[in-house]
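Please look through the sequence and the structure below before reading on. The paragraphs that follow take up one part at a time.

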Amino acid sequence: MRVIGYVALNVFKESVRDRVLYSLVAFAVLLIGASYLIGQLTAGQDMKIIKDLGLAAIATFGLLIAVFIGIGLVWKEVERRSIYSILSKPVRRHEFILGKYAGLALTLLVNVAMMTAAFYLVLAYMDTQFEENVRAIWPAPAVDPGMLRAIALIVVELLLVTAIAIFFSTFSSPLLSAALTVGLWVIGHFNADLRNFEAVVDSPAAAFLARALYYVLPNFAAFDVKAQVVYALPVPVSYLVTTAAYGAVYVGVLLAGAVAIFARRDFK
Amino acid sequence: MRWPAAVLLVLLGGGAVALQAVHERRGGPPASASENLLYVRSPEAMRRLALSYDALLADLYWIRAVQHYGGTRLSTDPRKQYDLLYPLLDLTTSLDPRFNLAYLLGAIFLSEEPPGGPGRPDLAIHLLEKGLRAQPEKWEFAQWTGFVHYWWRQDYEEAAAWFGRAAKLPGAPSWLTLVAATTLAQGGSRASSRALWQDIARTADQEWSRNAAQHRLRQLDAMDQLDQLRAAVTVYRDRTGTPPDGWEDLRRAGYLRGMPVDPAGVPYRLVDGAVSLDPGSPLNPLPTEPARLR
């Protein structure tokens, strides 16, 4: 366990050295710039739009970090041949993979936490720019803790994307890994269509296949409750728990697969 | 080595800005066949393409709808085309079915008569009914549907039916029942129109809707004032045998106390005995007077 921690810390330090946290500056500039401009363009929907934008930006920046760092984590060590020196130390292969994953997960958590703090600061500032009668018609207050529910599921989604990226990176090149990870993320948003496939095809075999894919492929649409929290619609805790559990199990499956593949790789 | 690089950077940066200014002064790129282009018109396709960014895309389409409406309305083109307005509102509300302002303001935008809007109350009703399908408890959509029937279609029976339907929805104000009855009894009278706009000015939660209602109320006041001024001109003509040359004649004859101005503060026009709003008044064009229910 301690070895995993060391590897993870190393990944985190490396990502800081690689200026990954610069994405936070881009996020802050985007949000502050947009909050100023949006008021001039939206005919009274400023708060809704800044919330939509903030949540979408957290998800997007996180996704970019998860994919583009995740795909290089294992490949970089192999390409630089530093994998030999790492594995010659008392670091077992599964510890290496799990450490890499935990390191990137930590990077993402720090990123999302800081973006969330910046997001709430912008919302708190915007809140002061409106009069009481305008605030009264918002479906939720500007600084609404309920939005943390959407952010929590974004985190779970990012952890799942990271696991997918690491899984692919254990056996393919970064370009292919990126394509496969993004492809799976996109397909994961069409899960509902796979479920309803039998309504549009006559072939029972095709319907069965679509149904099977619906259960096997990750359902990314389940992690998206951004619109619900912006309108202060109820998102039950039971939903959060089951969705998070679904994400955790899926991450477990992917990491187990990544460890199994990596354990069999021959680096000679 | 650092200084030359910095100087080069400044020079090239300045050159890019200068070229952009030249580009702008020359009127930008050659005009394309149509500036009004919407790449994806199908709400269903856009919902799928949006992945998890449907709310954000709805915001973008909403901003585009506002820009399209405002830009067209303010343009000097005599043939104002609001072709994209409904498709943009349809996309907005399909991507985010709870985007209430898009239904309500969109209905006003669509209903406005040319040149202030496309003059499509049918599409406004279609949009509001879509809103009601998405949120059947939203009494405001039913109220506005009634209002579109009342003001723009002058179908008072249908308007009364919608006001009645709105009154039955949870959370609806009790005065809506009265509005439904009044509309059926006196639909088309200026008094009932004024009462409806006053209700909206009082209860609308969006500033834009309240402003629109205040604007309509000022127009109704102007219509009342125009009636009074025309009556004074008629009396003057009957008495003297000639129309007044200007407001001063009416003032000297004791019909007026001073120069009459409309509720926006712009003087009324009197030309050859005909009284009208000044063309520069922001109250132009006055709405078509609804016909009384027969």
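How many residues of domain 1 of chain B are in contact with residues of domain 2 of chain B? In this model, which is predicted, 11 residues of domain 1 of chain B are in contact with 11 residues of domain 2 of chain B. The elements of chain B that give two or more residues to the domain 1 side of this contact are α5 (100-111), α7 (139-151) and α9 (175-186), and the largest share, four residues, comes from α5(B). When the residues on the domain 1 side are sorted by class, 10 are nonpolar, one is polar and none is charged.

Domain 1 of chain B covers residues 43-181, and domain 2 of chain B covers residues 188-294; the centres of the two domains, taken over C-alpha atoms, are 29 Å apart.

The helix α5(B) also takes part in a contact with another helix of chain B, α4 (residues 85-95), and the axes of the two come within 11 Å and cross at roughly 170°. An angle over 145 degrees counts as roughly antiparallel, and therefore α4(B) and α5(B) are described as roughly antiparallel to each other. On the side of α4(B), the contact is made by Leu85(B), Tyr86(B), Leu89(B), Thr92(B) and Thr93(B), while α5(B) contributes Ala102(B), Tyr103(B), Gly106(B), Phe109(B) and Leu110(B). Taken by class, the residues of this helix pair's contact are seven nonpolar, three polar and no charged.

Turning to chain A, the reader will find 12 helices and zero strands. The C-alpha trace of chain A spans about 70 × 55 × 30 Å along its principal axes, and 37% of the 268 residues of chain A count as buried. Of the contacts in chain A with a separation of 6 or more, 82% are between residues 24 or more positions apart.

Technical notes:
Residues are numbered from 1 along each chain as its sequence is written. Chains are lettered from A and ligands numbered from 1 in the order in which they are written. This is a predicted model: local features need pLDDT of at least 70, side-chain atom pairs count only at pLDDT 80 or more; totals for chains, interfaces and linings use all residues. Domain bounds come from an automatic or database domain assignment. Two residues are in contact if their C-beta atoms, placed from the backbone, lie within 7 Å. Ala, Val, Leu, Ile, Met, Phe, Trp, Tyr, Cys and Pro count as nonpolar, Asp, Glu, Lys and Arg as charged, and the others, Gly among them, as polar. A residue is buried if 20 or more other C-beta atoms lie within 10 Å of its own, exposed if 12 or fewer, and partly exposed in between; C-beta atoms are placed from the backbone. Axes are lines fitted to C-alpha atoms, for helices over the stretch in contact, and angles run from 0 to 180 degrees between N-to-C directions. Angles under 35 degrees count as roughly parallel, over 145 as roughly antiparallel, 65 to 115 as roughly perpendicular and the rest as oblique.
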